[in-house]
Amino acid sequence: MTTDHLPEATRTPQRGRPRDASRDRALMDATLAELQLHGYSGLRTAAVAKRAGVSTATLYRRWRSKEQLVVDAARLWAEDLGPDRDTGNLRSDLALLLHDKATALDGPSGRTLRAVLGEAAHNQALADLLLREYVTPLHERVQALLARAAERGEIPPVADPVVVGEMVIGPMVTHTFLIPHTPGSRPGADIAERLLPYLLRALGARE
């Protein structure tokens, strides 16, 4: 009997002691670790519970399926690009965005993204999560900083800012996930610095 599909959780309110938040976090940490080792298809909920040091019954009370467990874990480490900061200059606005993106890709958020990206191609819940938590915030921040730059006269108005967002996401994800790197290096930070001048030239920014 496998534990990929958990028993349906009862809708009856649980009595007794409230949930232990430290166990929730331990289970989320264990889920990320198992995802990194085995990917979505190889993840076993029994292994997650063992790594977290809890019983499978404890896990069953919190999540009804492996999909729900992974979605919640991915949401916990969802990309946090931080607030959009207006520095008054397109170059520094873009540099901050690229730095924030690099920090996310080089950390737990990026490791989570790497682990679930393939599964999202045929798992709508994960696909929706990645769009909402990873892609949309970046596009919104790109749109805001481009609008400011156009208002300041640094660049012509950008007709399709979504394309600019893809020019950020594509190279950074490719470089971080698909190119071999020395263990312990920070490929996200490396490509962020190298990408900045190309983006500025593509946008027609004045020197």
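**Briefing on a predicted all-residue model**

An unreviewed UniProt entry places the feature "DNA-binding region" at residues 44-63; UniProt annotations may be inferred rather than shown by experiment. The model is predicted, with local features requiring pLDDT of at least 70 and side-chain atom pairs counted only at pLDDT 80 or more, while totals for chains, interfaces and linings use all residues. Residues are numbered from 1 along each chain as its sequence is written, and side-chain values use heavy atoms, without hydrogens and water.

**Overall fold**
- The protein chain holds nine helices and zero strands, where helices (H or I, at least four residues) and strands (E, at least two) are DSSP runs numbered from the N terminus.
- Its C-alpha trace spans about 65 × 40 × 30 Å along the principal axes.
- Of the 207 residues, 42% are buried, that is, under 20% relative accessible area with a 1.4 Å probe, protein chains only.

**Annotated spans**
- Residues 44-63 are 75% helix and 0% strand, and their end C-alpha atoms lie 13 Å apart.
- The unreviewed UniProt annotation "domain: HTH tetR-type" covers residues 21-81, a span that is 79% helix and 0% strand, with end C-alpha atoms 25 Å apart.

**Glu 34**
- Glu 34 belongs to helix H1 (residues 21-42).
- Glu 34 counts as buried because its relative accessibility is 6%.
- Leaving aside residues up to four places away in sequence, Glu 34 touches Gly 39, Leu 43, Ala 47, Val 48 and Arg 51; contact means heavy atoms within 4.5 Å.

**Packing of H5 and H6**
- H5 and H6 pack at an angle of about 65° with their axes 3 Å apart; axes are lines fitted to C-alpha atoms over the stretch in contact, and angles run from 0 to 180 degrees between N-to-C directions.
- Ala 104, Leu 105 and Asp 106 of H5 meet Ser 109, Gly 110, Arg 111 and Leu 113 of H6.
- These contact residues comprise three nonpolar, two polar and two charged; Ala, Val, Leu, Ile, Met, Phe, Trp, Tyr, Cys and Pro count as nonpolar, Asp, Glu, Lys and Arg as charged, and the others as polar.

**Second largest pocket**
- The second largest pocket has a volume of about 210 Å³, taken as the space filled by probe spheres set on grid points joined across faces, edges and corners.
- Its lining has 13 residues, and Asp 106, Arg 114, Thr 176, Ser 185 and Pro 187 are the closest to its centre.- A pocket is an open set of points on a 1 Å grid where a 1.4 Å probe fits, with protein on both sides within 12 Å along at least five of seven lines; lining residues have an atom within 4 Å of a point.
- H6 gives the largest share of this lining, three residues.

Conventions: Buried < 20%, exposed > 50% of the residue type's maximum accessible area, 1.4 Å probe, protein only.
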